[in-house]
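This briefing sets out selected features of one structure, grouped by topic. It should be read alongside the sequence and the coordinates.

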Amino acid sequence: MTTPVAVTGNPRPRIVLVGPPGAGKSTIGLRLAHALNCELVDSDDLVAAEYGKSCGEVFAELGEPKFREVEARIVAQALESKGVVSLGGGAVLSEATRELLDRHTVIYLEITAEEGASRTAGDDSRPVLQSADPIGHYRTLLEARHPLYTEVADFKIRTGSRSPQQVVGEVLSFMETL
């Protein structure tokens, strides 16, 4: 878990990661932060730190509408860091968040419904994914969110068939073009 960061001024993150649950945002974020010698700020970790319980528990207790309000506020804070920022899978549902992301370099970590459902199977910490038909539910989630991830992304990369090292390498190569 990352620690909350108090930041003054108006710094910009080096990169922001978006994508559905299980796409690898936390794993890739840690490796990118290491490669770039900077911090990783994970919005889900910030939610957990603020409430003293897992992000999934906060989601379950608050319900999705209230959770999304809290998440949007925390994402705005996270985007003030200078490191790599990893956003929760549903952060792009907020129009305010999408507007903020327009000012940043955003990488969309893309995954198929089958890969996502497989990677998150048995993970009870993600209430948004609880379903009798995990693949069908994940597919519905992707259909709703894919246009939003695409809208905010400067670069898109499929993570399902690539190792974390390969993904990091491709992201770093993209960053060299900026």
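Among the elements that cover the buried residues of α4 are β2 (40-42), α2 (43-51), α3 (55-62), β3 (84-86), α5 (95-101) and α7 (134-152). The model is predicted.

**Helix α4**

- Helix α4 spans residues 64-78, which amounts to 15 residues.
- From the first C-alpha of α4 to the last, the distance is 20 Å, close to the 21 Å expected at 1.5 Å a residue.
- The buried residues of this helix are F67, R68, V70, E71, A72, I74, V75 and A78.
- The cover over these buried residues of α4 includes both strands and helices, with β2 and β3 among the strands and α2, α3, α5 and α7 among the helices.

**The packing of α2 against α4**

- The axes of α2 and α4 cross at roughly 110 degrees and come within 9 Å.
- Helix α2 is therefore roughly perpendicular to α4, a class that takes in angles of 65 to 115 degrees.
- The crossing of α2 and α4 is right-handed.
- On the α2 side, the contact is made by S43, D44, L46, V47, E50 and Y51.
- On the α4 side, the contributing residues are F67, V70, E71, R73, I74, V75 and A78.
- Among these α4 residues in contact with α2, F67, V70, E71, I74, V75 and A78 also belong to the buried set of α4.

**The sheet**

- An open sheet is formed by 5 strands in the order β2-β3-β1-β4-β5, and their pairing is parallel.
- Strands β2 and β5 (155-158) stand at the edges with a single partner strand each, so one side of each has no neighbour in the sheet.
- From one strand to the next, the twist averages 20 degrees.
- Helix α2 packs on the sheet, where α2 touches β2 and β3.
- The direction of α2 makes about 65 degrees with that of β2.
- Strand β1 (residues 15-18) pairs with strand β4 (residues 106-110) in the parallel sense over 3 bridges.
- V18 has Y108 as its bridge partner in β4.

**The packing of α6 against α7**

- Helix α6 (residues 113-120) packs with α7 at an angle of about 120 degrees, and the two axes are 8 Å apart.
- Helices α6 and α7 are therefore oblique to each other, as the roughly perpendicular class covers 65 to 115 degrees and roughly antiparallel requires over 145.
- The crossing of α6 and α7 is right-handed.
- Helix α6 contributes A113, E114, G116, A117 and T120, which meet P134, I135, Y138, R139 and L142 of α7.

**Residue L100**

- L100 is found in helix α5.
- With a relative accessibility of 22%, L100 counts as partly exposed, because buried means under 20% and exposed over 50%.
- Leaving aside residues up to four places away in sequence, L100 touches A76 and L79.
- L100 and A76 are 24 residues apart along the chain, and their C-alpha atoms are separated by 7.4 Å.

**Residue N37**

- N37 lies in the loop between α1 (25-36) and β2.
- Phi of N37 is near 55 degrees, which is a positive value in a residue other than glycine.
- The relative accessible area of N37 is 72%, so N37 is exposed.

Conventions. Residues numbered from 1 in each chain as written. Predicted model: local features only at pLDDT ≥ 70, side-chain atom pairs only at ≥ 80, totals over all residues. Heavy atoms only, no water. Helix = DSSP H or I, 4+ residues; strand = E, 2+ residues; numbered from the N terminus. Expected span 1.5 Å × (residues − 1). Buried < 20%, exposed > 50% of the residue type's maximum accessible area, 1.4 Å probe, protein only. Contact = heavy atoms within 4.5 Å. Pairing = 2+ DSSP bridges. Axes fitted to C-alpha atoms, helices over the stretch in contact; angles between N-to-C directions. Parallel < 35°, antiparallel > 145°, perpendicular 65-115°, else oblique. Left-handed = near helix turned anticlockwise from the far one by under 90°.
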